[in-house]
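Okay everyone, thanks for coming.

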Number of protein chains: 2
Amino acid sequence: MQARKMPGHLIRRMNQISSQVFAMRMQGAGHDLTPVQFAALDAIVAEPGIDQAGVAARIAYDRATIGGVIDRLEQKGFVSRTVSRKDRRAREVNATAAGQAAFIAILPTVIDLQSDIVRGLSESEQAQFLALAQKIIDQNSKENEAAD
Amino acid sequence: MQARKMPGHLIRRMNQISSQVFAMRMQGAGHDLTPVQFAALDAIVAEPGIDQAGVAARIAYDRATIGGVIDRLEQKGFVSRTVSRKDRRAREVNATAAGQAAFIAILPTVIDLQSDIVRGLSESEQAQFLALAQKIIDQNSKENEAAD
DNA sequence: TATAAAAGATATGTACACATATTAAATTGT
DNA sequence: ACAATTTAATATGTGTACATATCTTTTATA
């Protein structure tokens, strides 16, 4: 049995390829966000005032990691954090004007590069692949949180 | 367009799930190897005397990362490194007796946990998924190295 | 209400992942 | 043979990813 044929290994390779395509295309378009930073910004734009734990839950991140990701988004001037008045443990995160503008500018590039990742698959194969991936994720995240 | 439906995001989530299943099952079986360490050990057992760059190429790792991975395998007593007499820049890596024994002991667990990762898919869906994943990888690694 | 339990965030430590730079050794070209 | 290039490995720095511990604040409970 070769490790290279195992689901775990194939998934690792796909993730590697996906990250490389993302980095290359974003750099080519003059943007400077990692996949994780983009996903976090997406969540924050979609739900202004969300707290860090909410961002983590929304995109299935680790709580301990999200702080650093949002740190970097803050350094770039894309988001701001304020202590919540409802719950002083929580930090409410909002996209700044610059962050919203950046998101709008970057989104088309991100959407466009997605088809690069699955290039080599026909339209119907792409749909199949996405459906199967979603199924794997749904099955394995039942015990964590409800999907939406 | 929600980031959560994009191929890149789904692939990241699958990789996350895959890594978690691997860690949990390995720990449950009393083993202590990461997915990357296992894949490296697999490559070294399959090709004794391979150099570090060879290991990296064989499993599509980053050259700069593989040194640290092999460091950790060496600390566990699973592999040994010797300067090649043919090319004194290169380090020939070999599995020790303990490393080979560990590999044989661990392999069944790793094989077994693979079906956990794709649980939720039927047999035929699993085969479909693996074929599509392989296609994505082959397409995106054409410019790097030949597959085998 | 005092205490316990839970939750949001941060800090620490380990392990990738990769870009870039550096060092040493081998290879190539003239 | 010698300089230029390439290659193997290491070093450095940034960015995840996650377990665990700690701190603060909130909530639940006796």
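So, DNA strand D: helix 2 (35–46) and helix 4 (63–75) of chain A, plus helix 1, helix 3 (52–58) and helix 4 (63–75) of chain B, each supply at least two residues of the surface near it. By "near" I mean a residue whose C-beta atom, placed from the backbone, lies within 6 Å of the strand. Helices here are DSSP runs of H or I, at least four residues long, strands are runs of E, at least two long, and both are numbered from the N terminus. Helix 4 of chain A gives the largest share of that surface, 5 residues. There are 26 residues around DNA strand D, and A:T34, A:V36, B:Q52, B:A53 and B:G67 come nearest. By class, they split into 7 nonpolar, 9 polar and 10 charged. For the classes, Ala, Val, Leu, Ile, Met, Phe, Trp, Tyr, Cys and Pro are nonpolar, Asp, Glu, Lys and Arg are charged, and the others, Gly among them, are polar.

Quick housekeeping: this is a predicted model, where local features need pLDDT of at least 70 and side-chain atom pairs count only at pLDDT 80 or more, while totals for chains, interfaces and linings use all residues. Residues are numbered from 1 along each chain as its sequence is written, and chains are lettered from A and ligands numbered from 1 in the order in which they are written.

Now, which residues come nearest to DNA strand C? Out of 25 around it, they are A:Q52, A:A64, A:G67, B:V36 and B:A64. Helix 1, helix 3 (52–58) and helix 4 of chain A, together with helix 2 and helix 4 of chain B, each give two or more residues there. The class count is 7 nonpolar, 8 polar and 10 charged.

On to how the two chains meet. 43 residues of chain B are in contact with 43 residues of chain A; contact means C-beta atoms, placed from the backbone, within 7 Å. On the chain B side, helix 1 of chain B brings the largest share, 13 residues. That side has 25 nonpolar, 11 polar and 7 charged residues.

Let's look inside chain A. It has 6 helices and 2 strands, in the order α-α-α-α-β-β-α-α. Helix 1 (residues 7–28) and helix 5 (residues 97–117) of chain A pack at about 140°, axes 10 Å apart. Axes are lines fitted to C-alpha atoms, for helices over the stretch in contact, and angles run from 0 to 180 degrees between N-to-C directions. So helix 1 and helix 5 of chain A are oblique to each other: under 35 degrees would be roughly parallel, over 145 roughly antiparallel, 65 to 115 roughly perpendicular, and the rest is oblique. Residues making this contact include A:F22 of helix 1 and A:L113 of helix 5.

Helix 2 of chain A also packs on helix 5 of chain A, at about 125° with axes 11 Å apart, and that makes this pair oblique too. This contact has 6 nonpolar, 2 polar and no charged residues.

Last bit, confidence. Chain A averages a pLDDT of 91, and 95% of the residues score at least 70; pLDDT is the predictor's confidence in each residue, from 0 to 100. Over residues 143–148 of chain A, though, the pLDDT is below 50.

Definitions and conventions. Contact = placed C-beta atoms within 7 Å.
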